[in-house]
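Dear colleague,

I am passing on the structure we spoke about, together with my notes on it. Please look through the model beside the text, and tell me where your reading differs.

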Amino acid sequence: MNKPLRRIAIFCGFLVLALLIRGNWIQYVQADELQKNKHNRRIAIERYEQPRGDIIVDGKPITGSKETSGSDFEYKRTYKDGPMWAPVTGYASQAFGANQLESIEDGILTGNDDRLFFRNTLDMLTGKNKEGGNVVTTLNGAAQKAAYNGLKQRGGKGSVVAIEPSTGKILALASFPSYDPSVFAGNSDKDAEAWQKLQKKENPADPTLNRALREVYPPGSTFKVLTAAAALEEGLYKSADEKTDTPLPWTMPGTTTELPNDGDLPCEDASLRDALKVSCNTVFGKIGADLGNDTMLEYAKKFGFTEEQFTPVRSSASVFSDDMEPSETALSSIGQFNTATTPLQMAMVTAAIANNGTLMKPYMVDELQAPSLDTIEKTDPEELSKPMSAENAQILQSMMETVVSEGTGGKAKIDGVTVGGKTGTAQHGVDNSENPYAWFISYAKGEDGSSPVAVAVIIEDDDAVRGDISGGGLAAPIAKSVMEAVVKGRQ
């Protein structure tokens, strides 16, 4: 071979080698990146070329799929009672992607999960179309309906979270206002218009915001149960009925400012039980200052504050600050200053108390199923922490039960059922200039002393008369209806 031909052959060899390297780089190194690229339309087309698997509540699907025409997407997602279930399901849209369970469990729902590889291979060999699996939730349909309808009838904004204390199963997760994921599940101009109308820029009520998991609020007086838990665990007070060392008025340390109570309340040296019953700021503010920032932060963390929760949908981290002045710690210990929490977090606090001091990890997916309904993955209850001893948790339960039987939580009473609770009316806006938030946390007990449900409710009502806003008045009736739904369902 002469020299020019040899050079051409070598050059062509390098071109072939470069082509092989490039092909392998794309196929093996960049494959995952290219597959997830938002501009890769083939992935979206594949996702909707067959019906998606379903999200299941009480053994029945709350989702579906229907054939489309005039599009390269063969099917689109449908939802039953979409606004009620949107905080649980999220959405799956041909044009706008997916979120929450629809996104997290997309592999199962589309049938593309690696754990379905053997079945998909077998179906390919037999000529059977690929099918999606199912996501079986922990949700209780009756409890969710009670939660959503209660919020809807109340109006304004708000959310409800209900948990089974012994396992951490989420029984209800409602947010209002909400949205119907069906209205933008396709990729038409109509779907785009519906999507745009839901965005906060055009809709200040922000219906797509999952208030149960993503919004943080000052918890107000509901936080006093956590402060009481810290006082009992640290031995500051040893019983519910021991007198506290609380003067009236009480001046916050390092200041000349007196911490006011909400009215002329019998808070001087009040016992923990009486202080919780009438919601004494002075008693619990002083407890927080006496225990100090580090100790209060320690107990807040034990109950789940400062950490994101994954249900598997991510929940924002609740806030309890460090490096605070004693006066700031006092305010934080009554649920003000920087303290902020999700409704999920306050349901977790309540569930831990009701579960005799053990906090279980909250979760809403019970199992993942193959298209054949065989179980692929089952969620086992998991202990997250033990913020209280059983003895002190039972003392605190007795205090919360007094709040309902004799105090501010009377509207949560259920005939024949023991109910514990705590009201909260949290300041909102600069110098408390806006309508406060109304909170209620509670649990119901069965005859055997176990608790099948713990609930947190928050109401944001900008249109209500300010003087009419209270946790006991606005939020407690909704909590009662959710607890009744669970208790009656187990009888």
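What follows goes through confidence, strands, helices and aromatic pairs in turn.

This is a predicted model, in which local features need a pLDDT of at least 70 and side-chain atom pairs count only at pLDDT 80 or more, while totals for chains, interfaces and linings use all residues. Residues are numbered from 1 along each chain as its sequence is written, and side-chain values use heavy atoms, with hydrogens and water left out.

The pLDDT (the predictor's confidence in each residue, from 0 to 100) averages 90 over the protein chain, and 89% of the residues score at least 70. Residues 428–433 stay under 50, and for them the model has nine contacts (heavy atoms within 4.5 Å) beyond four places in sequence. Residues 462–469 are also below 50 in pLDDT, with 17 contacts in the model beyond near neighbours in sequence.

Turning to the strands, helices (H or I, at least four residues) and strands (E, at least two) are DSSP runs numbered from the N terminus, and two strands pair if DSSP finds at least two bridges between them. Strand 8 (residues 157–163) has six of its seven residues buried (under 20% relative accessible area, against over 50% for exposed and partly exposed in between, with a 1.4 Å probe and protein chains only), so this strand is largely enclosed by the rest of the structure. Strand 8 runs antiparallel to strand 18 (residues 453–460), to which seven bridges join it, and lysine 157 has glutamate 460 as its bridge partner there. With strand 9 (residues 170–176), strand 8 pairs in the antiparallel sense over six bridges, and valine 160 stands opposite alanine 174. Strands 8 and 9 form a hairpin with six residues between them, in whose turn glycine 168 has a positive phi of about 90°.

There is also an open sheet of five strands, in the order 2-1-7-13-14 and with mixed pairing. Its edge strands, each pairing on one side only, are strand 2 (60–61) and strand 14 (375–378). Strand 13 (residues 365–369) and strand 14 run antiparallel and are joined by three bridges, with threonine 375 as the bridge partner of glutamine 369. Five residues lie between these two strands in their hairpin, where leucine 373 takes a positive phi near 80°.

Tyrosine 363 is found in the loop between strand 12 (359–360) and strand 13, and this tyrosine is buried, with a relative accessible area of 6%. Leaving aside neighbours within four places in sequence, tyrosine 363 is in contact with residues including Gly168, Lys169 and Ile170, and also Thr311 and Pro381. The C-alpha atoms of tyrosine 363 and proline 312 are separated by 6.5 Å, although the two are 51 residues apart along the chain.

Among the helices, helix 13 (293–302) has Asn293, Thr295, Met296, Leu297, Tyr299 and Ala300 buried, and its buried residues pack against helix 10, helix 12 (281–291) and helix 14. Lysine 302 lies over the face of tyrosine 299, at 4.5 Å from the ring centre; the rule for this asks for NZ of Lys or CZ of Arg within 6 Å of the ring centre and within 35 degrees of the ring normal. Glycine 304, whose phi is positive, near 115°, follows helix 13.

Alanine 393 is placed in helix 16 (residues 390–406) and counts as buried, at 0% relative accessibility. Beyond residues up to four places away in sequence, alanine 393 touches Ile353, Asn356, Gly357 and Met388.

For the aromatic pairs, rings of Phe, Tyr and Trp (its six-membered ring) pair if their centres lie within 6.5 Å, and planes under 30 degrees apart count as stacked, over 60 as edge-to-face and the rest as tilted. The count by this rule comes to twelve pairs. Phenylalanine 223 and phenylalanine 305 have ring centres 5.6 Å apart and planes at 85°, so their pair is edge-to-face. The former lies in the loop between helix 9 (189–198) and helix 10 (224–233) and the latter in the loop between helix 13 and strand 10 (309–310), so the pair ties together parts that are 82 residues apart in sequence. Phenylalanine 223 also forms a stacked pair with phenylalanine 320, at 5.6 Å centre to centre and 10° between the planes, and both of these residues are buried.

With best regards
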